[in-house]
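Here are some exercises to work through with the model open beside you. Try each task yourself before reading its solution.

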Amino acid sequence: MENLTVENQNITKAVADSNADQKGPTVDEVQEWLIAYLSQLLELELEDISTTTSFARYGLDSSASILLTNDLGDWLGKSVDPAIVYSYPTIEAMSEHFGE
């Protein structure tokens, strides 16, 4: 997965409006963002992304994990350590960690 780029702008727009009046995103909003991100990155349909399948199972290598966590951090407005994909290896786990 070299030279990967994902247009974070479109994904962020899809969820940003519901985020406007809250301190941080809800679990569902983080989950929606991650699903949309992986769908675009992996060129899969949204319904083909499972919240319980590990990021590694989707084939995310270290480069893709860094892209994911950088873009997630930008969306959340805080720094996200790329190693977090090992502590929270699924969309479900990561959403519960970052969502409110």
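This is a predicted model: local features need pLDDT of at least 70, side-chain atom pairs count only at pLDDT 80 or more; totals for chains, interfaces and linings use all residues.

Residues are numbered from 1 along each chain as its sequence is written, and side-chain values use heavy atoms, with hydrogens and water left out.

**Exercise 1. Describe the overall fold of the chain.**

Step 1: Count the elements, taking helices (H or I, at least four residues) and strands (E, at least two) as DSSP runs numbered from the N terminus.

Step 2: Turn to burial, where buried means under 20% relative accessible area, exposed over 50%, and partly exposed in between (1.4 Å probe, protein chains only). Of the 100 residues, 41% count as buried.

Step 3: Look at contacts (heavy atoms within 4.5 Å). Among those between residues at least 6 apart in sequence, 60% join residues at least 24 apart.

**Exercise 2. Find the residues that touch the most other members of the largest nonpolar core.**

Step 1: Define the core as a set of buried Ala, Val, Leu, Ile, Met, Phe, Trp, Tyr and Cys residues joined through side-chain atoms within 4.5 Å.

Step 2: Check its 23 residues; L38 and L60 touch the most other members.

Step 3: Trace where the core comes from. At least two residues each are supplied by α2 (27-42), α3 (62-76), α4 (84-87) and α5 (91-98), with α2 giving the largest share, eight residues.

Step 4: List the partners of L38. Not counting residues up to four places away in sequence, they are E43, I49, F55, Y58, L60 and I91.

**Exercise 3. Work out how the buried residues of α5 are arranged around its axis.**

Step 1: Pick out the buried residues of α5: I91, M94, S95 and F98.

Step 2: Look down the axis, using the directions from the helix axis to the C-beta atoms. The buried residues of α5 fall within an arc of 100 degrees, so they line one face of the helix.

Step 3: Find what they pack against: α2, α3 and α4.

**Exercise 4. Is L46 buried or partly exposed?**

Step 1: Locate L46 in the loop between α2 and α3.

Step 2: Read its relative accessible area, 47%, which makes L46 partly exposed.

Step 3: Identify its contacts beyond four places in sequence: I35, A36 and S39. The C-alpha atoms of L46 and I35 are 6.5 Å apart, although 11 residues separate them along the chain.
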